[in-house]
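The topics are grouped for reference alongside the sequence and coordinates.

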Amino acid sequence: MITTTLEAVCESVRYGYTESATTDPVGPHFLRITDIVPQSIDWESVPFCKIDENHLAKYKLFKGDIVVARTGATVGYAKLIRDNENAVFASYLVRFRVDRNMADPGYVGRVIESAAYKEFIWSRINGAAQPNASAPVLGSFEFRLPSLVEQKQIAAVLTNYDDLITTNQRRIVLLEDVARRLYREWFVKLRFPGHESVPVRDGVPEGWAKLPLGDVAEITMGQSPESKHYNTDGDGLPFHQGVSDFGHRFVKHETYTKQATRIGEAGDILCSVRAPVGRLNLTRDKIAIGRGLSAMRSRAGHQSLLFYQLDALFVEEDMIGGGAIFASVGKKELFGQLILQPSTSVATTFNRLAADLDAQVENLDLQNQELAQARDLLLPKLMSGQLDVSGIRLPEEVAA
């Protein structure tokens, strides 16, 4: 076993492509920093970009590539590309392509995704006003490199965890799709239970109303304490002021503060009010919220209904109400957004059905957290040789 660096085992290292993202499928997916922060890449939510053939060859991503964020609060976040997708990567990412004759991309990628890598990068940029790490800094991380056969065996063990996480994530997407379809059927197509006997005038069923969001939800607009009060030691309340720590549905905590000025309670819906406007997440814990977020809770106790109402309102990020594009949205404008509010009986019934689906989503998400923690605890033991992998048969050996 030898000690090497990330850069030393790569055949190429490249900064990303400078271009604007679009929701129009005009080219390949355009992977950004925000797309690699969650536990896994949700390719359906990754935007697209225009790119000519020459640039496509330079910036195309392949299975086994490793992309690392090089700037901002997410510097050091990394993702191993686990599937072959038609995708390129944005300018604030760096792509490391492993030389397969020297190392196994599956092994190296998981090392670089680890907390140890993030800690190393932050130790190199400590004190910088705007965190930024060059490709040489990102590639200077040292780690132990066992034989190629052992690397593949370790990667095979960790792949089992990844496969379980991926399966759960697919189940989450299916459950969310069921809830969204149900919402569209009842509140867009107006085919709710008993709709045949309910008159509709100007698109509003009798007994329903279009109400300002501020009447439907209790909304807390965030306010940020001074940055000198931030810490990563878990001291105080978890602090969120944007989408950098948003997950697929639930936020994860990285930053804390003892100087909380505005609070989001456990179970609140977090809505981004700065670009990207309208991105949603939930918090399981009491948190402090900064300027880029608002926290919302249904006044009627219909939290699942409110989530899907907001999900429908912000169909596309940075778009609000009639479709205007916003870099940010103020209190008056946010509170004034009109929401189609159903009758109490319909709202209660939908909320009960959606809440059951949401509970299944949360359970699967918690399972994925536990699987990820177990996988991440296993990695250093496998790397150091504490756990013997010599008896593990590789997938190609099993297939043979």
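In this predicted model, F89 is buried, because its relative accessible area of 0% falls under the 20% cut-off. Y59 is likewise buried, with a relative accessible area of 13%. The structure holds 16 aromatic pairs, and Y59 and F89 form one of them, with ring centres 5.9 Å apart.

**Aromatic pairs and cluster**
- The planes of the Y59 and F89 rings stand at 65°, so this pair is edge-to-face.
- This pair links distant parts of the chain, since Y59 belongs to helix α2 (residues 53–59) and F89 to strand β6 (residues 87–89), 30 residues apart.
- F192 and W208 form a tilted pair, at 4.6 Å centre to centre and with 40° between the planes.
- F192 lies in the loop between α6 and β9, and W208 in the loop between β10 and β11, 16 residues apart.
- Both F192 and W208 are buried.
- One aromatic cluster includes F192 and W208 together with Y183, W186, F187, F307, Y308 and F350.

**Helix α8**
- Helix α8 (residues 303–313) is largely enclosed by the rest of the structure, because 9 of its 11 residues are buried.
- Among the buried residues of α8 are F307 and Y308, which also belong to the aromatic cluster.

**Charged side chains**
- The charged end of K60 sits over the ring of F62, 5.6 Å from the ring centre.
- K331 lies over the face of F335, at 5.4 Å from the ring centre.
- R110, in helix α3 (residues 105–112), is buried, with a relative accessible area of 9%.
- Beyond its neighbours within four places in sequence, R110 is in contact with residues including R82, D162 and L379.

How values were computed:
Residues numbered from 1 in each chain as written. Predicted model: local features only at pLDDT ≥ 70, side-chain atom pairs only at ≥ 80, totals over all residues. Heavy atoms only, no water. Helix = DSSP H or I, 4+ residues; strand = E, 2+ residues; numbered from the N terminus. Buried < 20%, exposed > 50% of the residue type's maximum accessible area, 1.4 Å probe, protein only. Contact = heavy atoms within 4.5 Å. Phe/Tyr/Trp six-rings, centres within 6.5 Å; stacked < 30°, edge-to-face > 60°. Lys NZ or Arg CZ within 6 Å of the ring centre and 35° of its normal.
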